[in-house]
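This report describes how charged side chains pair within and between the chains of the structure shown below.

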Amino acid sequence: MEKLTLPATLDKFEEMMSFVREQASKAGFEAAIVNKIALAAEEVLANVINYAYPDGGGDLTIETGLSSDNRNFVMTLVDSGNPFDPLNHEDPDINAPVEERSIGGLGIFMVKKIMDDVQYRREGDRNILVMEKKLDVKE
Amino acid sequence: MTQFTIDLKDGTATVELSGKLDTTNAPELVEELKTLAGKDVSKVAFMAKGLEYISSAGLRAIVFAKQKIGQNLEVFVVGATAEIIEVIKMTGFDSFVTITNTL
């Protein structure tokens, strides 16, 4: 298991994304899938950076590894900010006309499309978001 | 200095995109697009040949163009790679932007 903890600020965003890309590549995903995993990661990282700590000063931790059966790449995001369940959000209606399209909810919708499993839990003062992607995915 | 320059000519606004359009720079693009509000614009073309990566923040900037500049506005994404097109389709955005190879 690899782990990276950084202040949850936008200036650390690139470093977080490099870590995710590196770990997804190491897990054996091809470049196009690595890009998708990065896309999913960006959505959840941006959520924490922008909303978890309204007063600033918090950290976020990204953990990556394999599931116990070695079939899935597991990426876990932990922060101790405001309780926030990104899954407690209705999926946007992607067929709605543009004038009715809401801007929110799109990110987590993309995360759910890209990853095979997404689970949220609150443990003590921490938000824990676990995302899994099957390793044998083929484009 | 902004990374995005909008070239407005004969009602068509052209925006060159390259590298990444993500949470770090999409707000800047939105700011640039705001300058088009109230102007005589019928088309916005996002030139995406050099675009390697787009996140939902980038897509939001494109929706912003459509929602805020004008409902009759035509939005084009020009020359995007298969990967970018896939992201646009994943979110259903292909229903209101025209994906094309050339303008």
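A:Arg126 is partly exposed at 34% relative accessibility (partly exposed lies between buried, under 20% relative accessible area, and exposed, over 50%, with a 1.4 Å probe and protein chains only). A:Glu123 is likewise partly exposed, at 34%. Their side chains form a salt bridge of 3.4 Å, N to O (a side-chain nitrogen of Lys or Arg within 4 Å of a carboxyl oxygen of Asp or Glu). Through shared partners, A:Arg121, A:Glu123 and A:Arg126 belong to one network.

## Basis of the values

This is a predicted model, in which local features need pLDDT of at least 70 and side-chain atom pairs pLDDT 80 or more, while totals for chains, interfaces and linings use all residues. Residues are numbered from 1 along each chain as written, chains are lettered from A and ligands numbered from 1 in the order written, and side-chain values use heavy atoms, without hydrogens and water.

## Salt bridges between the chains

The interface of chain A and chain B holds 2 salt bridges. In one of them, A:Lys36 meets B:Glu86 at 2.6 Å, N to O. This pair links helix H2 of chain A to helix H3 (residues 82–90) of chain B (helices are DSSP runs of H or I, at least four residues, numbered from the N terminus). A:Lys36 is buried at 14% relative accessibility, whereas B:Glu86 is partly exposed at 33%.

A:Glu14 forms a salt bridge with B:Lys20, the closest N and O atoms being 3.8 Å apart. A:Glu14 is partly exposed at 36%, and B:Lys20 is partly exposed at 35%.

Note on methods:
Helix = DSSP H or I, 4+ residues; strand = E, 2+ residues; numbered from the N terminus.
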